[in-house]
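Student: I would like to learn how to read a structure like this one. Could we take a few features in turn?

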Amino acid sequence: MVAAAAKFAISGLHVHYGKICALRDLNLDIRAHEIFTVIGPANSGKSTFLNCLNRLIDLAPASRLSGEIRLDGVDIRAGLEVESLRRKVGIVFALPLPLPISIYENIVYGLRMQGIRDAAVLDEAVERSLRESYLWDEVKDRLRSPAMNLSGGQQQRLCMARILAGRPDVLLFDEPTSGLDPISTARIEETMLVLKEKYTIVLVTNNVAQAARVGDRTAFFLMSEMVELSETSRMFTTPVDQRTSDYITGKFG
Amino acid sequence: MSPRLTQKIAFTVLFLATLLVVLPVAVILAIIVAKGASAISWEFLFSMPRDGMTAGGIFPAILGTLYLVLGAVLFAVPLGVLAAVYLVEYSSDNRFSRLVKLAIVNLAGVPSVVYGLFGLGIFVTFFRFGASILSGSLTLGIMILPVIITSAREALESVPRHFRTVSLSLGASRWQTVRHSVLPHALPGILTGMILGLGRAAGETAPILFTVAAFYLPRLPQSVFDQTMALPYHLYVISTQVPGIAENVRYGTALVLLALVLLLNLAAIVLRYRFRKRKKW
């Protein structure tokens, strides 16, 4: 049953940047409609892992992948165009990165690139995605104003809306609240909890408490390897590995 | 010596050096305006030369220079921008791309008279375009290619990396990313390079010497296969080859050429300023 519900199935994944190993022998499943959080110190390979899932890793010079990543049973490197993979698997980056165009154009960017021109379709996507990211009420009267004028938290929710507009399957979050104040952070976390009803979420965070708050299952990465993977509640109460326990109690990291 | 004193000396030296840079420009301008302004008239600018260039105007030379510059830009800008896009957005840092970059740097260092000879060999003789606007434009175009490519490359590289990452992460293809998220933001830099190239093409004598410039041709060119007069060469001719030309005509011609080039540079500066104000990252 668990196997049938796997969104991502990752087996034997190794990643190298040149001669440096960034991820070693990773095997895990990500279930549909869960929030899968990845914690770990800097350079533990957690962002590398995230970038593998939509193949943004291809952009890094001299990156090499081996092993297999399957999305709904399809090999994402052999069986899928990279553009359609990235439409299915959207990413929110650590910093809010709106393009220097209007709010509206930011949201429809992906749709336009698919060749969708129908204004009604685009308008509908803008309203739907802005409602889903709880930004609609704040920006509905100034959709044509530059996205750069929004506050940091609003920009980050705009980046979420921008992905949601393309009706993805999976949302990747790469430390999405590292540059935000606590209130904006709380709003993003609430939004994630609602979004998991419809989407599968993979959250990389260096904020252990955040993983504890929103994660269904949590993986702990350390030095390019996954040390432990378990239900979040279990990981934060009875971690199996000593290193996990040390990290989540703040002894290092 | 006290720090105050060294500070003062350093300041003075730096200021004098700066002044020394500006001074020649000011003096050149002053002399040319003083000696040439009296020649400028409606007739001088918009009529044909007469009586072996001792009378009449310089209209064919002005128009010829404009044609040549336009032709050079039409040839060099698309080619240069496409090459820059390839180098910045597509090629990885391998031996080939390093070789190309080296070639571009070297191209910029080639003396302009060598371009002239090259144009004579290739366009005039080999392709049988003859001495014509086409040959001259292509020669000038090749001469300004390095300027165009270099400035376009810099403009592309100054577009923040994350625009590309974001665009690609939203499922845009590589070309769509370049087309919609990189090129529009690089446009001001590309335009600036284009105008600098324009100014350079307008002022050069050697590349047009063997490829297009006519000594004395008091009529307007009819097609791209015609010869034409051009300002820099005309200036050279009336200054050294034809006796008995009034001084103010010579300086007046120089003034027109200078004004043309300065105007182009000014346009580049204004353009750059206006785009920079709009930039928001």
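Student: Is D72(A) buried, exposed or partly exposed?

Tutor: A residue is buried if 20 or more other C-beta atoms, placed from the backbone, lie within 10 Å of its own, exposed if 12 or fewer, and partly exposed in between. D72(A) has 14 other C-beta atoms within 10 Å, so D72(A) is partly exposed. Before going on: this is a predicted model, in which local features need pLDDT of at least 70, side-chain atom pairs count only at pLDDT 80 or more, and totals for chains, interfaces and linings use all residues. Residues are numbered from 1 along each chain as its sequence is written, while chains are lettered from A and ligands numbered from 1 in the order in which they are written.

Student: Where is D72(A) found?

Tutor: Helices (H or I, at least four residues) and strands (E, at least two) are DSSP runs, numbered from the N terminus. D72(A) sits in the loop between β4 (63-71) and β5 (74-75) of chain A. Its phi is near 50°, a positive value in a residue other than glycine. M223(A), in the loop between β9 (217-222) and β10 of chain A, also has a positive phi, near 45°. M223(A) counts as partly exposed because it has 13 C-beta neighbours inside 10 Å.

Student: What is the strand order in the open sheet of six strands?

Tutor: Two strands pair if DSSP finds at least two bridges between them. In chain A the order is β6-β7-β8-β3-β9-β10, with mixed pairing. The edge strands, β6 (89-92) and β10 (225-231), each pair on one side only. β6(A) pairs with β7 (residues 170-174) of chain A in the parallel sense, over four bridges. V92(A) has F173(A) in β7(A) as its bridge partner.

Student: How many of the 34 residues of α1(B) are buried?

Tutor: Two are buried, so α1(B) lies largely in the open. The bend at a residue is the angle between axes fitted to the seven residues ending there and the seven starting there. α1(B) bends by about 25° at V22(B), and a proline, P24(B), follows within four residues.

Student: How many residues does each chain bring to the contact?

Tutor: Two residues are in contact if their C-beta atoms, placed from the backbone, lie within 7 Å. Chain B brings 14 residues and chain A brings 18 residues. On the side of chain B that touches chain A, α7 (161-169) and α8 (174-203) each supply at least two residues. α7(B) gives the most, with six residues.
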